[in-house]
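The sequence and model come first, followed by notes grouped by topic.

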Amino acid sequence: MSIPVRAMSKLAWRNLWRNYRRTLIMLLAIAVGAWAMIFMTALLRGMVDDMVRQGIRALPGHVQVHAAAYRDDPSVNHSLTAPDAALLNILAADEVEAWTSRVKVPAMISSEYDNRGVQLLGVDPAGEVELGFETADVVEGRFLEGADDPGIVIGRKLMQRLETRLGKRVVIMSQDPDNAIADRGFKVVGVFKAELESREESIVYAGRQVVQAMLGMGSDISEIAVLGRDYRHPEPLAAHIRAVLPADEVVLSWLRLDPYLASMMAVMNGFVLVWMVVIFLALSFGLVNTLMMAVFERVREIGLMRALGMRPAAIVYQILVESLILLALGLLVGNLLAIGTIIPLRDGIDLSVVSEGMEMMGASSVLYPLLLWTDLLLANAVVIVLGIITSLLPAWRAAQYRPVEALGRA
Amino acid sequence: MAAISCKDLCKYYQQGDSVIKGLDHVNLEIEQGSFICLSGPSGSGKTTLLNAIGGLDALDSGEISIDGERVDQLGKAALSDLRLHHIGFVFQAYNLIPVLSAKENVEFVMQIQGVGTAERERRSMKILKEVGLEGMEHRRPAQLSGGQQQRVAVARAIVSQPKLVLADEPTANLDSKSMEKLMGHFRELNRVHGVTFLIATHDQRVMEWADRRISMEDGRVIRDVLQNNG
């Protein structure tokens, strides 16, 4: 015999409102729990997303192409030729948002007062902007105007270290393919700021053609940086590029280029689940208590239903439906509350008072909550699935009553 | 074949150091279509016997068969099905579901049985009219008097025309007129549809309606007599 779903559901709904104060308190607890799950997850996601984006911006790109030996020895000797037709074909595909080729070598920068080891980037400025460089971050002067721009753009922190300033000259020194010193004087045409001070201190931008000429590497480049459509899933793009590369060139996604950054994402996913389960465990005590009380108060009725011919499974079903209604209503309110509090914070939460700590974690001082549908679904699934499992205990207890004993209860 | 066969039923309760005999070697044969009253003082075993026959309570020993099927050997689910499809109960206390209206209480068993909405509606309205609760269908138990609640419980027990009705003091809260009406209805169901009635009662007026009177004391059947109610 099947369970009379409509009859049981109607009973469950009405029973829920017999003690409406208790039901409302439990609803509020579930709603606040769901809100905490979703809201805190959005904050954490926002922070990790920012750290990952900052990291990808520093790389830059979701995937990069290098000579096979470049990662071990990022010198001018391990360079690439310009992209061929097959690669250009892929780079023009829809899955690619932007790409650029760059020269990237270690170098020494010197002012008249000090010198520093830096990473010299010979770039095509338009390509850099497409890959994420914000021209608004140039706080003094200007960004490069072309691959043949003879100027140099340095970070704000580096400018302070070198005790130089806009318009002054600095000398860049590196090695050419014959391991001879290659150097050149550059005029500081721009100063950029970055969310991370380490970037301001360690990176300098010069025109790609100017750097290629200085290093005597012709039209060769160090890397091709490619920005895909979704940073969370860069591997398909990497696979497509890998298919057309010669054997001595490699393509790596940011997940491989920066394993620390990638591991943060994996840790985050695990942390979100643990966080949600912990919140639920706190909620579950209230839920079990509510349902237990509801069962104890209705022992006679449960006995009556059993005496009238209702099977134990139908009693279990009725208690579970009560729990499900309670959970669903609580989740509805909790979800609306979470969305309602996250949306007004879309423009970011200013955390400048703890900016140093945020920077140590590789995150910026403005936190943008990130609400993912998957997290919303996960929070709801955790509450529903664990809620039903938790409700099995009171439901099972209710189904075990012997009719004659239950009917005899006062 | 006997509708109900009870062989050597024993049910004992421990109360402190003493043993209370709920049922003490009770033997009964009840034919289909019987109209029987169980009488006896409080604690004589009437309710225990009804509960045992209805599969609500387990026996210490003995055998109960209904239409040849051993009730005492059935599992929980099979007992539920037996009660649902073959037995109507009227309990000593009215035992209505407080969140359901009078009509919904009457419909409840039919809902579990899977009777369609229109048929449920027709039958429940008819039976409520017959027990004098027309116009009170949508009242919840708390809005009904004790007698009215008892009539709802009776209506629920007989609305799906079970083969057997086990009624424990069904007229306890009814006035004479209502009692007469209810017993008349029971009698009609018994005569027209062959429903077997086993009614535990203290009420002499109810006993007069019976074809057979069984008297109990200390868990034993002390008298079992037929009476002409032709």
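Two strands pair if DSSP finds at least two bridges between them. Helices (H or I, at least four residues) and strands (E, at least two) are DSSP runs, numbered from the N terminus. The model is predicted: local features need pLDDT of at least 70, side-chain atom pairs count only at pLDDT 80 or more, and totals for chains, interfaces and linings use all residues. Residues are numbered from 1 along each chain as its sequence is written, and chains are lettered from A and ligands numbered from 1 in the order in which they are written.

**Pairing of strand S9(A)**
- Strand S1 (residues 63-67) of chain A pairs with S9(A) in the antiparallel sense over three bridges, and Val63(A) stands opposite Val226(A).
- Strand S2 (residues 96-110) of chain A is also antiparallel to S9(A), with six bridges; here Val96(A) stands opposite Gly228(A).

**Burial of strand S9(A)**
- A residue is buried if 20 or more other C-beta atoms lie within 10 Å of its own, exposed if 12 or fewer, and partly exposed in between, with C-beta atoms placed from the backbone.
- S9 (residues 223-228) of chain A is mostly covered, six of its six residues being buried.
- Glu223(A), Ala225(A) and Leu227(A) point one way from the strand, and Ile224(A), Val226(A) and Gly228(A) the other way.

**Gly348(A)**
- Gly348(A) lies in the loop between helix H12 (312-342) and strand S11 (349-350) of chain A.
- Because 14 other C-beta atoms lie within 10 Å, Gly348(A) is partly exposed.
- Beyond its neighbours within four places in sequence, Gly348(A) is in contact (C-beta atoms, placed from the backbone, within 7 Å) with Val366(A), Leu367(A) and Tyr368(A).

Technical notes. Contact = placed C-beta atoms within 7 Å.
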